[in-house]
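Student: I would like to take a close look at a single part of this model, the place where two chains meet. Could you guide me through it slowly?

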2 protein chains.
Amino acid sequence: MKEHDHTQLLHDVDCQMPKDEVLAELSELFAVFGDTTRIKILWALFESEMCVCAIAELLHMTQSAISHQLKLLRHAKLVGSRRDGKTVYYFLADDHVRSIINQGMEHISE
Amino acid sequence: MKEHDHTQLLHDVDCQMPKDEVLAELSELFAVFGDTTRIKILWALFESEMCVCAIAELLHMTQSAISHQLKLLRHAKLVGSRRDGKTVYYFLADDHVRSIINQGMEHISE
DNA sequence: GTATCATATGAGCAAATGATCATATGATAA
DNA sequence: TTATCATATGATCATTTGCTCATATGATAC
């Protein structure tokens, strides 16, 4: 396969590309949204903060599965948590979550 | 593990949840953004439409790998394509792509 | 202290994913 | 037609992912 010439275009596009590091971080962020369970958790938290076992009950999944996913969401800074006695409540970290999900919804509902 | 009671909350949250079908579609969309290669392709197309082998050269990847990924992007309706002779040019399908990626960038740069 | 509830976490495993290789298809030129 | 370029696609394989199970940790009540 001999490639035809794109030298100029490639140069221009390459200049506009953010660092690999940034793009990796970006794709990791979207990967967090890229799972049904995690999307459901985030959507649930739109309404109200919730404890782990409530989310588990809502989604008909084990406490362990939910806890593992919440760990990912926390790492991505999409949710925060607060402890009240034995219970840990999770909540949306900021409004970017809503914005991103809303943009996604717009795209699929066309 | 006996669960404590969340009946009222669960009912309220459940009412606000979109159908599983919709949430699945939504997470599949974000999953497409959730890969470094695909994010790079989309970012490249911000600048200009490009043919497959130009993208491959830009990302230092094989034509085959890029072609497989473009298929996914096409399926998600994030890119479109047009043929000109032997060459196929890919371009961003609409502005949702830009909006979604911009929101993501905002989140990680805080 | 012990018992119990709520949550977190490590190991293991089946399923999904992303790249490569070989090959097929589509288009143009000679 | 044959040769070549550009792209698409199927098979394969190593890596990653998401769940389950068992167990650990943390907090409260007794």
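How many salt bridges are there between chain B and chain A?

Tutor: This is a predicted model, in which local features need pLDDT of at least 70, side-chain atom pairs count only at pLDDT 80 or more, and totals for chains, interfaces and linings use all residues. Residues are numbered from 1 along each chain as its sequence is written, chains are lettered from A and ligands numbered from 1 in the order in which they are written, and side-chain values use heavy atoms, with hydrogens and water left out.

Between chain B and chain A the count is two salt bridges, a salt bridge being a side-chain nitrogen of Lys or Arg within 4 Å of a carboxyl oxygen of Asp or Glu. B:D20 makes a salt bridge with A:K40, and their closest N and O atoms lie 3.3 Å apart. On the side of chain B that touches chain A, α2(B) gives the most, with eleven residues (helices are DSSP runs of H or I with at least four residues, strands runs of E with at least two, numbered from the N terminus).

The contact, meaning heavy atoms within 4.5 Å, takes 56 residues from chain B and 56 residues from chain A. About 5000 Å² is buried between the two chains, and carbon and sulfur atoms give 74% of that area; buried area is the accessible area (1.4 Å probe) that two parts lose on being put together, summed over both. Of the area that chain B buries against chain A, B:F30, B:H96 and B:H107 supply 12%, more than any other three residues.
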